[in-house]
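Subject: Structure handover

Hello,

Here is the structure I promised to pass on. Please open it first, then read the notes below it.

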Amino acid sequence: MRALLQVLTALTLLAYPVAVYFGLNYLPAGTIALVLCLLLIVRLMLQKQKVKTLVLPLLVGIALTAGSYLAKRSDWLLYYPVVINLTMLALFSYSLHTGPCMIERLARLKEPDLPDEAIPYLKKVTLLWCGLFILNGSMAAYTAGFTSLATWTLYNGLIAYVLMGLLLGGEWLYRSFWLKKT
(Lines give C-alpha, C1' and ligand atoms only; values in the text may rest on other atoms or scores of the structure.)
Protein backbone atom coordinates (compact mmCIF):
# COMPACT_ATOMS: atom_id res chain seq x y z
CA MET A 1 0.00 0.00 0.00
CA ARG A 2 2.85 2.37 0.87
CA ALA A 3 4.52 1.81 -2.51
CA LEU A 4 1.23 2.45 -4.32
CA LEU A 5 0.73 5.71 -2.41
CA GLN A 6 4.30 6.78 -3.23
CA VAL A 7 3.74 6.18 -6.93
CA LEU A 8 0.35 7.93 -6.94
CA THR A 9 1.61 10.99 -5.08
CA ALA A 10 4.72 11.18 -7.28
CA LEU A 11 2.60 11.04 -10.44
CA THR A 12 0.24 13.66 -9.07
CA LEU A 13 3.12 15.99 -8.27
CA LEU A 14 4.52 15.51 -11.78
CA ALA A 15 1.08 16.32 -13.16
CA TYR A 16 0.63 19.24 -10.73
CA PRO A 17 0.17 21.90 -13.46
CA VAL A 18 -2.46 19.82 -15.27
CA ALA A 19 -4.22 19.05 -11.97
CA VAL A 20 -4.31 22.77 -11.13
CA TYR A 21 -5.63 23.63 -14.59
CA PHE A 22 -8.47 21.11 -14.47
CA GLY A 23 -9.17 21.74 -10.81
CA LEU A 24 -9.51 25.48 -11.25
CA ASN A 25 -11.63 25.11 -14.37
CA TYR A 26 -13.92 22.21 -13.43
CA LEU A 27 -14.06 21.80 -9.65
CA PRO A 28 -15.74 23.96 -7.00
CA ALA A 29 -13.54 26.80 -5.70
CA GLY A 30 -10.87 25.63 -3.28
CA THR A 31 -11.31 21.92 -4.01
CA ILE A 32 -8.08 21.46 -5.95
CA ALA A 33 -6.10 23.38 -3.31
CA LEU A 34 -7.43 21.10 -0.60
CA VAL A 35 -6.83 17.92 -2.63
CA LEU A 36 -3.28 18.96 -3.54
CA CYS A 37 -2.56 19.95 0.06
CA LEU A 38 -3.68 16.52 1.27
CA LEU A 39 -1.57 14.78 -1.39
CA LEU A 40 1.48 16.81 -0.38
CA ILE A 41 0.89 15.91 3.27
CA VAL A 42 0.66 12.22 2.33
CA ARG A 43 3.85 12.56 0.28
CA LEU A 44 5.61 14.20 3.25
CA MET A 45 4.48 11.43 5.60
CA LEU A 46 5.71 8.78 3.13
CA GLN A 47 9.04 10.57 2.75
CA LYS A 48 10.18 9.69 6.29
CA GLN A 49 13.21 11.98 5.93
CA LYS A 50 14.82 9.64 3.38
CA VAL A 51 15.84 12.58 1.23
CA LYS A 52 15.99 15.63 3.46
CA THR A 53 16.28 18.05 0.54
CA LEU A 54 12.80 17.04 -0.62
CA VAL A 55 11.21 18.06 2.67
CA LEU A 56 11.49 21.82 2.08
CA PRO A 57 9.59 21.95 -1.23
CA LEU A 58 6.93 19.66 0.25
CA LEU A 59 6.50 21.94 3.27
CA VAL A 60 6.34 25.04 1.07
CA GLY A 61 3.88 23.26 -1.22
CA ILE A 62 1.71 22.41 1.76
CA ALA A 63 1.86 26.04 2.92
CA LEU A 64 0.97 27.32 -0.57
CA THR A 65 -1.93 24.93 -1.09
CA ALA A 66 -3.29 25.30 2.45
CA GLY A 67 -2.88 29.07 2.27
CA SER A 68 -4.59 29.10 -1.10
CA TYR A 69 -7.52 27.19 0.34
CA LEU A 70 -7.80 29.27 3.51
CA ALA A 71 -7.30 32.65 1.83
CA LYS A 72 -9.43 31.65 -1.16
CA ARG A 73 -6.53 32.66 -3.45
CA SER A 74 -6.21 30.15 -6.28
CA ASP A 75 -3.31 32.12 -7.80
CA TRP A 76 -1.04 30.91 -4.98
CA LEU A 77 -1.23 27.41 -6.48
CA LEU A 78 0.64 28.68 -9.53
CA TYR A 79 3.86 29.35 -7.61
CA TYR A 80 4.71 25.76 -6.66
CA PRO A 81 6.81 25.18 -9.83
CA VAL A 82 8.82 28.28 -8.84
CA VAL A 83 9.49 26.71 -5.44
CA ILE A 84 10.60 23.44 -7.01
CA ASN A 85 13.01 25.18 -9.39
CA LEU A 86 14.44 27.37 -6.63
CA THR A 87 14.96 24.34 -4.40
CA MET A 88 16.67 22.39 -7.16
CA LEU A 89 18.83 25.40 -8.04
CA ALA A 90 19.86 25.79 -4.40
CA LEU A 91 20.62 22.07 -4.10
CA PHE A 92 22.69 21.88 -7.30
CA SER A 93 24.56 25.15 -6.77
CA TYR A 94 25.29 24.31 -3.12
CA SER A 95 26.80 21.01 -4.28
CA LEU A 96 29.14 22.94 -6.58
CA HIS A 97 30.57 24.80 -3.58
CA THR A 98 30.72 21.91 -1.12
CA GLY A 99 31.49 19.07 -3.51
CA PRO A 100 31.01 16.61 -4.90
CA CYS A 101 28.67 18.25 -7.39
CA MET A 102 25.17 16.86 -7.75
CA ILE A 103 25.72 15.24 -11.15
CA GLU A 104 28.88 13.55 -9.83
CA ARG A 105 26.87 12.19 -6.90
CA LEU A 106 24.26 10.85 -9.28
CA ALA A 107 26.89 9.42 -11.62
CA ARG A 108 28.61 7.64 -8.73
CA LEU A 109 25.39 5.77 -7.97
CA LYS A 110 25.90 3.92 -11.23
CA GLU A 111 29.69 4.06 -11.46
CA PRO A 112 31.35 4.47 -8.03
CA ASP A 113 34.91 4.58 -9.47
CA LEU A 114 34.67 7.54 -11.82
CA PRO A 115 37.94 8.64 -13.41
CA ASP A 116 39.34 11.95 -12.11
CA GLU A 117 39.15 13.51 -15.57
CA ALA A 118 35.34 13.14 -15.49
CA ILE A 119 34.94 15.50 -12.51
CA PRO A 120 35.35 18.83 -14.39
CA TYR A 121 32.87 17.64 -17.01
CA LEU A 122 30.33 16.66 -14.35
CA LYS A 123 30.72 20.11 -12.75
CA LYS A 124 29.92 21.72 -16.12
CA VAL A 125 26.83 19.54 -16.45
CA THR A 126 25.75 20.58 -12.94
CA LEU A 127 26.19 24.22 -14.02
CA LEU A 128 24.02 23.52 -17.08
CA TRP A 129 21.29 22.17 -14.81
CA CYS A 130 21.58 25.27 -12.64
CA GLY A 131 21.04 27.38 -15.75
CA LEU A 132 17.98 25.34 -16.65
CA PHE A 133 16.55 25.75 -13.13
CA ILE A 134 17.08 29.53 -13.41
CA LEU A 135 15.30 29.59 -16.79
CA ASN A 136 12.46 27.32 -15.66
CA GLY A 137 12.04 29.14 -12.36
CA SER A 138 11.96 32.51 -14.09
CA MET A 139 9.45 31.31 -16.66
CA ALA A 140 7.35 29.66 -13.95
CA ALA A 141 7.25 32.95 -12.03
CA TYR A 142 6.48 34.93 -15.18
CA THR A 143 3.69 32.61 -16.29
CA ALA A 144 2.23 32.56 -12.77
CA GLY A 145 2.16 36.34 -12.50
CA PHE A 146 1.53 37.60 -16.01
CA THR A 147 -0.10 35.00 -18.26
CA SER A 148 -3.28 32.99 -18.53
CA LEU A 149 -3.83 29.70 -16.72
CA ALA A 150 -3.62 27.91 -20.07
CA THR A 151 -0.19 29.43 -20.81
CA TRP A 152 1.01 28.65 -17.28
CA THR A 153 -0.13 25.04 -17.70
CA LEU A 154 1.48 24.72 -21.12
CA TYR A 155 4.84 25.96 -19.89
CA ASN A 156 4.94 24.27 -16.48
CA GLY A 157 3.15 21.09 -17.49
CA LEU A 158 4.81 20.47 -20.85
CA ILE A 159 7.54 22.84 -22.04
CA ALA A 160 9.53 22.71 -18.77
CA TYR A 161 9.47 18.91 -18.86
CA VAL A 162 10.52 18.87 -22.52
CA LEU A 163 13.45 21.18 -21.73
CA MET A 164 14.55 18.93 -18.86
CA GLY A 165 14.21 15.87 -21.08
CA LEU A 166 16.24 17.52 -23.84
CA LEU A 167 19.03 18.41 -21.41
CA LEU A 168 18.99 14.95 -19.86
CA GLY A 169 18.88 13.15 -23.20
CA GLY A 170 21.29 15.50 -24.95
CA GLU A 171 23.82 15.24 -22.16
CA TRP A 172 23.51 11.46 -22.13
CA LEU A 173 24.10 11.29 -25.89
CA TYR A 174 27.06 13.67 -25.67
CA ARG A 175 28.55 11.77 -22.71
CA SER A 176 28.14 8.47 -24.54
CA PHE A 177 29.94 9.92 -27.56
CA TRP A 178 32.56 11.72 -25.44
CA LEU A 179 33.36 8.67 -23.35
CA LYS A 180 33.81 6.54 -26.48
CA LYS A 181 36.33 9.06 -27.89
CA THR A 182 38.48 9.14 -24.75
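The axes of helix 4 (residues 55-71) and helix 5 come within 10 Å and cross at roughly 165°. Helix 4 and helix 5 are therefore roughly antiparallel to each other. Some terms first. Axes are lines fitted to C-alpha atoms, for helices over the stretch in contact, and angles run from 0 to 180 degrees between N-to-C directions. Angles under 35 degrees count as roughly parallel, over 145 as roughly antiparallel, 65 to 115 as roughly perpendicular and the rest as oblique. Helices (H or I, at least four residues) and strands (E, at least two) are DSSP runs, numbered from the N terminus.

The model is predicted: local features need pLDDT of at least 70, side-chain atom pairs count only at pLDDT 80 or more, and totals for chains, interfaces and linings use all residues. Residues are numbered from 1 along each chain as its sequence is written, and side-chain values use heavy atoms, with hydrogens and water left out.

Confidence comes next. The mean pLDDT (the predictor's confidence in each residue, from 0 to 100) is 90 for the protein, and 94% of its residues reach 70 or more. Helix 1 (residues 2-14) has the lowest confidence, at a mean of 82. Helix 7 (residues 118-146) has the highest, at 96.

Back to the first pair. Helix 4 passes helix 5 in a right-handed crossing. A crossing is left-handed if the near helix is turned anticlockwise from the far one by less than a right angle, and right-handed if clockwise. On helix 4, the contact (heavy atoms within 4.5 Å) is made by Pro-57, Leu-58, Val-60, Gly-61 and Leu-64. Helix 5 brings Tyr-80, Val-83, Ile-84 and Thr-87. These residues divide into 7 nonpolar, 2 polar and no charged. Here Ala, Val, Leu, Ile, Met, Phe, Trp, Tyr, Cys and Pro count as nonpolar, Asp, Glu, Lys and Arg as charged, and the others, Gly among them, as polar. Lys-72 sits in the loop between helix 4 and helix 5. Its phi is positive, about 55°, although Lys-72 is not a glycine. Most residues other than glycine have a negative phi, and most peptide bonds are trans.

Helix 5 (residues 80-98) also packs with helix 6 (residues 102-110), at an angle of about 90° and with axes 8 Å apart. That makes helix 5 roughly perpendicular to helix 6. Leu-91, Phe-92, Ser-95 and Thr-98 of helix 5 meet Met-102, Ile-103 and Arg-105 of helix 6. By class, this contact has 4 nonpolar, 2 polar and 1 charged residues. The loop between helix 5 and helix 6 holds Pro-100. The peptide bond from Gly-99 to Pro-100 is cis, with omega near -15°.

Helix 1 and helix 3 (residues 31-47) pack at about 130°, with their axes 10 Å apart. That makes helix 1 oblique to helix 3. The crossing is left-handed. Leu-13 lies in helix 1. Among its contacts beyond four places in sequence are Leu-40, Arg-43, Leu-58 and Tyr-161.

Last, the rings. There are 7 aromatic pairs (rings of Phe, Tyr and Trp, its six-membered ring, with centres within 6.5 Å; planes under 30 degrees apart count as stacked, over 60 as edge-to-face and the rest as tilted). One of them, Trp-129 with Phe-133, is tilted: 5.8 Å centre to centre, 35° between the planes. Both residues lie in helix 7, 4 residues apart, about one turn of the helix.

Best wishes
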